[in-house]
Amino acid sequence: MSRVSLSPQDDGALRSAALKRVRKARNMSAQEVADGLHMRLRTYEHFEAGHGRLNLDYLHRFSEITRSDFYGLLHAIAIGSPEFAVRTADNQFMTTFTILLQAYDLKTGDRIHDLDARALIEAFGEFFDKLTEICDQRSQEAEAFLQEGKQDLSSRRPKPGR
């Protein structure tokens, strides 16, 4: 998917792009989502078009109807990447992160303010580097599996006669 060209202040357009991408990834029509949200189609279309202020209740209900990641939708807008909403829809990346962040906040409390930016950059940098490494490893494993499987299938296939 290509990046949408938007101004940094255009959160309505970001929201619209994220909602449309998730809905389409779920192969749902606007009418199906509107019905699931118990709203008229026109009201849903207004919401999906990014008009008006962000309504967190609508966004939460949308994520339930589309089985997507509510926090992924929020962060897709925050980081300017509508694609992020689709990328996190199935694995609930940002919901998982938020649950762990909540637990960290409860465990650490006011000591959080003792952390400086360098410690955060180092910790989060290592965290995301490790996730990238895991993604790369899984991708290589899948590619090796498919390559080996194709060779095995090919070796067992009857040879053309003549």
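Colleague: Hi! Let me start with Phe47: buried or exposed?

Modeller: Phe47 counts as buried, with a relative accessibility of 3%. Keep in mind that this is a predicted model.

Colleague: Good to know. How many aromatic pairs does the structure hold?

Modeller: There are 7 aromatic pairs in the structure. In one of them, the ring centres of Phe47 and Tyr58 are 5.4 Å apart and the planes stand at 85 degrees, so this pair is edge-to-face.

Colleague: And where do Phe47 and Tyr58 lie?

Modeller: Phe47 is in helix H3 (residues 41-48), while Tyr58 is in helix H4 (residues 56-65), so their pair ties together parts that are 11 residues apart in sequence.

Colleague: What about Phe84 and Phe93, how are their rings placed?

Modeller: The planes of Phe84 and Phe93 are at 80 degrees with the ring centres 6.2 Å apart, so that pair is edge-to-face too. Phe84 counts as buried at 17% relative accessibility, whereas Phe93 counts as partly exposed at 25%.

Colleague: Which residues do ring pairs link into a cluster?

Modeller: That cluster is made of Phe97, Phe124, Phe127 and Phe128.

Colleague: Let's switch to helices. How many residues has H7, and how far does it reach?

Modeller: Helix H7 covers residues 93-108, which is 16 residues. From its first C-alpha to its last it reaches 22 Å, close to the 22 Å expected at 1.5 Å a residue.

Colleague: Which residues are buried in H7?

Modeller: Met94, Thr95 and Thr108 are buried there. Around the axis they cover an arc of only 165 degrees, which puts them on the same side of H7.

Colleague: So what does the face turned away from that buried side carry?

Modeller: That face of H7 carries exposed residues, namely Ile99, Leu100, Leu106 and Lys107.

Colleague: And what covers the buried residues of H7?

Modeller: The cover includes helix H5 (70-79) and helix H6 (82-87).

Colleague: Tell me about H5, then. At what angle do the axes of H5 and H7 cross?

Modeller: They cross at roughly 100 degrees and come within 6 Å. The two helices, H5 and H7, are therefore roughly perpendicular to each other.

Colleague: Which residues of H5 and H7 meet?

Modeller: On the H5 side there are Phe70, Tyr71, Gly72 and His75, and on the H7 side Met94, Thr95 and Thr98.

Colleague: What comes just after H7?

Modeller: Gly109 does, and it takes a positive phi of about 60 degrees.

Colleague: Which residue other than glycine has a positive phi near 55 degrees?

Modeller: That is Asn27. Most residues other than glycine have a negative phi. Asn27 has its place in the loop between helix H1 (11-25) and helix H2 (30-36), and with a relative accessible area of 69% Asn27 is exposed.

Colleague: And Arg67, what is its phi?

Modeller: Arg67 has a phi of about 50 degrees, which is positive although Arg67 is not a glycine. You can find Arg67 in the loop between H4 and H5.

Colleague: Is Arg67 buried or exposed?

Modeller: Arg67 is exposed, its relative accessible area being 54%.

Note on methods:
Residues are numbered from 1 along each chain as its sequence is written. This is a predicted model: local features need pLDDT of at least 70, side-chain atom pairs count only at pLDDT 80 or more; totals for chains, interfaces and linings use all residues. Side-chain values use heavy atoms; hydrogens and water are left out. Rings of Phe, Tyr and Trp (its six-membered ring) pair if their centres lie within 6.5 Å; planes under 30 degrees apart count as stacked, over 60 as edge-to-face and the rest as tilted. Helices (H or I, at least four residues) and strands (E, at least two) are DSSP runs, numbered from the N terminus. Buried means under 20% relative accessible area, exposed over 50%, partly exposed in between (1.4 Å probe, protein chains only). The expected span of a helix is 1.5 Å times one less than its number of residues. The arc is that of the directions from the helix axis to the C-beta atoms. Contact means heavy atoms within 4.5 Å. Axes are lines fitted to C-alpha atoms, for helices over the stretch in contact, and angles run from 0 to 180 degrees between N-to-C directions. Angles under 35 degrees count as roughly parallel, over 145 as roughly antiparallel, 65 to 115 as roughly perpendicular and the rest as oblique.
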